[in-house]
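I am keeping these entries while I go through the structure, one topic at a time. Each entry records what I looked up and what I found.

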Amino acid sequence: MSLYGVMRTGGSGMNAQSNKLSTVADNIANVNTTGYKRASTEFSSLILRSGSGNYNSGSVETNVRYAISDPGAPQYTTSATDLMIQGNGFFVVTDAGGTPFLTRAGSFVPDGEGNLVNAAGFYLMGYNVKNGPPNVVANGLTGLDVVNIAQRSLQGNPSTRATLESANLDANAAITAGPPAYTSKTSIVTYDNIGNKVTLDVYMFKTAANTWDVQAYDNAASTNGGFPYSSGPLDSDTFTFDVSATGKGKLDAASPTTLTFTIPGGSPFTLDLSAMTQVADDFAFKPNVNGNAPSSIDKVEVDADGTLYSIYADGTRLASYKIPLATVPSPDNLVPEAGNVYSVGIDSGNVQLDFAGRSGLGTVKSEALEQSNVDLAAELTSMIESQRGYTANSKVFQTGADLLDVLVNLKR
């Protein structure tokens, strides 16, 4: 056995315990850091080949690991832009230079330009849905923009389309002779090109078995909110229903599905009636109409699927962005960077992108933050273990040095 080997082994042990104490120090310092993931030091032995009567002491190697996939406890807040991921996934953020990173730290607030930025100065990225559903790139970050909650202030959008959550025409309703007699009526609010409200009156006339005429009128063309109107219908068409065992009251395959016309003072508009049914139930008509009047943003809301809605002062609720979540095949092997963010490395695998609640990803919780996953009691225990281990290894080193000193003094 070499005395120099004993000293090297003791020095290796002290270095290993020092590394462990360093991770403990980081964990304790970040016990209150939002989204922080604890680090730990794992030991592995390095054995040297020895002869039958002689033992060569080896050393110990350390490997720092990060519990990135271990979630922290929720902390509830009152800010709608405080975001927490319940389950797997990471927010995509960028620094001021546009370099993308992943993070679980969702304490976002608007800066002076309305961009959502977290405490470390990283900007939240999402898909702008102003012009319709986004084109998601599953294995890349193309098409993402910095989420901005101020860019739509005082902006009006004309209505161009209405779809139905649900709509039903009573199958047992009596046949009518047509205007001014009608079977059912509803009104919907739309917006013209400069944000004025335009009310449309939609009438349903049952003209024969399983056959209905649907007509849309400009409410402003009536002095009493109904017939007579000073102008004809904006559009009308005849809709037929399939009451067979397969159709079950849905629109017949040969039936039209939309009314198309131009809103007075507005844009071309499509009323999508494809979800309309005719069954033995009361009349119902629940449309979703796009467009909004000019108004400033009062607040924002974030849904569980990551959709960010702008709530205007007049009550209009408009989807602005959809925030995706990212993941990698091995989250615990992501590369930690300054600012509580992670970059993709060789060991982690390539980034994969999708929306919350899909592809094994978690959901987004607004008004909540993910706390650090550090257990303070466990870290203090590890600190004591490191201290004792360091002391014991120093004793080994000191003993080897003392023996070497005895050996050197033998010559005297």
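Which residue in E20 stands opposite asparagine 168? I looked this up at the start, bearing in mind that the model is a predicted one, and found that the residue facing asparagine 168 is alanine 284.

**Entry: the partners of E11**

I followed strand E11, residues 161-170, and noted that E11 pairs with strand E20, residues 284-289, in the antiparallel sense over six bridges. With strand E19, residues 276-279, I found E11 paired in the parallel sense over four bridges, and there aspartate 170 stands opposite valine 279. I also looked at strand E18, residues 268-272, which pairs with E11 in the parallel sense over two bridges, with alanine 162 standing opposite leucine 271. I kept in mind that side chains in a regular strand alternate between the two faces of the sheet.

**Entry: helix H2 and its N-terminal end**

I turned to aspartate 375, which I located in the loop between strand E29 (368-370) and helix H2 (376-409). What does aspartate 375 do at the N-terminal end of H2? I found that aspartate 375 caps this end, with a side-chain oxygen 3.1 Å from the backbone nitrogen of alanine 377. The relative accessible area of aspartate 375 is 45%, so I recorded this residue as partly exposed. I then checked arginine 38, which lies 337 residues from aspartate 375 along the chain, and found the two C-alpha atoms separated by 8.7 Å.

I listed Glu379, Ser382, Ser386, Gly389, Asn393, Gly400 and Leu404 as buried in H2. I recalled that an α-helix has 3.6 residues a turn, so residues three or four places apart point the same way. Against which helix do the buried residues of H2 pack? I found that they pack against helix H1, residues 3-29.

**Entry: aromatic pairs**

I searched the whole structure for aromatic pairs and found 14. In the pair of phenylalanine 91 and phenylalanine 108, the ring centres are 5.9 Å apart and the planes stand at 90°, so I noted the pair as edge-to-face. This pair links distant parts of the chain, 17 residues apart, with phenylalanine 91 in strand E5 (residues 91-94) and phenylalanine 108 in the loop between strand E6 (100-103) and strand E7 (109-110). I found both phenylalanine 91 and phenylalanine 108 buried.

I next looked at phenylalanine 101 and phenylalanine 122, an edge-to-face pair at 5.6 Å centre to centre with 80° between the planes. Because phenylalanine 101 lies in strand E6 and phenylalanine 122 in the loop between strand E8 (116-117) and strand E9 (123-128), the pair ties together parts that are 21 residues apart in sequence.

**Entry: charges over rings**

I looked up two cases of a charge over a ring. Arginine 317 lies over the face of tyrosine 309, at 3.8 Å from the ring centre, while the charged end of lysine 322 sits over the ring of phenylalanine 355, 4.5 Å from its centre.

Note on methods. Residues numbered from 1 in each chain as written. Predicted model: local features only at pLDDT ≥ 70, side-chain atom pairs only at ≥ 80, totals over all residues. Heavy atoms only, no water. Pairing = 2+ DSSP bridges. Buried < 20%, exposed > 50% of the residue type's maximum accessible area, 1.4 Å probe, protein only. Contact = heavy atoms within 4.5 Å. Polar contact = N/O pair within 3.5 Å; in protein donor to acceptor, adjacent residues only side chain to side chain. Phe/Tyr/Trp six-rings, centres within 6.5 Å; stacked < 30°, edge-to-face > 60°. Lys NZ or Arg CZ within 6 Å of the ring centre and 35° of its normal.
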